[in-house]
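Reader: I'm new to reading protein models. Could you walk me through one, feature by feature?

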Amino acid sequence: MKLSIIVPVYNVELFLEKCIQSVFHQDIPHETYEIIAVNDGSTDSSPVILEKLQKTISNLKIIHQDNKGLSGARNSGFDFATGDYLLCVDSDDYILPNSLHKLISLAEDHQLDLLEFGAQGVDENKNVIYSLAKSSNGQVITGEQYLAEIRYMGSACNKLYNRDFLNAHKLRFMEGVYIEDIEFNTRVVFKANKVLATDYIAAHFLQRLGSITRTKNFTKKEKMMFDIHIVLKSINDFTENEVTKKSSAYIPLKRRVSSLIATLLIRVLKDSKTTSTKKEIIKKLKEDNLYPISYKPETKDKKYFLIFSNIYPLFSLGNFFCSTYNRMRYGK
């Protein structure tokens, strides 16, 4: 078995069949890979759709479990998988035609621990919103070198993972938090010995209003803020304790942490309805010695934002006006 494709499924009845069909109608023999759909406690017709699809898709396997969230579903799929390589595909996304042969060939020919490929974000009318693609110019490099030289993408859905490599290092997703991909991939990339990036576009990521990054639910927005803190703290701790200052990857990872802090503080300004959330976030960052921010973030826009946010009275004033606006617009 060359490949296991992990598809977490939770209440995605409108998108599920297109996703599964996209990974079934590919350019490698069906007997060489398996599609593992993890039904994560869906309450809509997703389980029925999976059972129907299984009648005509010979390599589709279904796991049913109580809801554990996206990370828990992926971890279950990883544990069940038998393929040499693992590919995560979210159930509202899809793999482009005639893509798997190229990806598998690259991974096998170079005996990679990790392959990163290109992807595009699309709206529900198939309009391309953004394109993401990195390239190591055909060179296989270490994960440490990759972190130092290439700003890897946080997503877990534009990568092939070597299953033996993941298992040897006991690498799994942090469960119960949003944006778990970036935390997982930080550990994966650093520990990898053979990494290659290709700018070949193999996947489309659907950008829909119901996703967590676009939700209007304030409870979910607040959870996202505190989860970003959990993730950036985990990455920072990993950088200090395992990467260490002697590594060429140390500064790039510290800059990534700074970028995540900027993302968190921007969300505090935009999404918090009270100043108490801001105070709690700042308190946690100070306790972790992460505020004021010491390292430059990865992008210029966040660099300028951090100049403002590092001056606490200015940031407090900005938070007050934003919180007042949110209360007036959305209510308490």
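Reader: Let's begin with strands. How many bridges join strand β6 to β8, and do they run parallel or antiparallel?

Author: Keep in mind that this is a predicted model. Strand β6 (residues 114–122) is joined to β8 by 3 bridges, and the two run antiparallel. Within that pairing, Leu114 sits opposite Tyr161 in β8.

Reader: Which way do the side chains of β8 point?

Author: Here's the general idea: in a regular strand, side chains alternate between the two faces of the sheet. In β8 (residues 159–162), Lys159 and Tyr161 point one way, while Leu160 and Asn162 point the other way. All of them are buried.

Reader: On to helices. How many residues of α7 are buried?

Author: Helix α7 is mostly covered, with 11 of its 12 residues buried. Among them are Ile182, Phe184 and Arg187. As for length, α7 (residues 180–191) reaches 17 Å from its first C-alpha to its last, close to the expected 16 Å.

Reader: How do I read two helices together, say α9 and α10? At what angle do their axes cross?

Author: Look at the directions of the axes. Those of α9 (residues 250–271) and α10 (residues 275–287) come within 10 Å and cross at roughly 165°. An angle over 145 degrees counts as roughly antiparallel, so that's what α9 and α10 are to each other. The crossing is left-handed.

Reader: Which residues meet there?

Author: Ile261, Leu264, Leu265 and Val268 in α9 meet Lys278, Ile281, Ile282 and Leu285 in α10. In an α-helix, residues three or four places apart point the same way, because there are 3.6 residues a turn.

Technical notes: Residues numbered from 1 in each chain as written. Predicted model: local features only at pLDDT ≥ 70, side-chain atom pairs only at ≥ 80, totals over all residues. Heavy atoms only, no water. Buried < 20%, exposed > 50% of the residue type's maximum accessible area, 1.4 Å probe, protein only. Helix = DSSP H or I, 4+ residues; strand = E, 2+ residues; numbered from the N terminus. Pairing = 2+ DSSP bridges. Expected span 1.5 Å × (residues − 1). Axes fitted to C-alpha atoms, helices over the stretch in contact; angles between N-to-C directions. Parallel < 35°, antiparallel > 145°, perpendicular 65-115°, else oblique. Left-handed = near helix turned anticlockwise from the far one by under 90°. Contact = heavy atoms within 4.5 Å.
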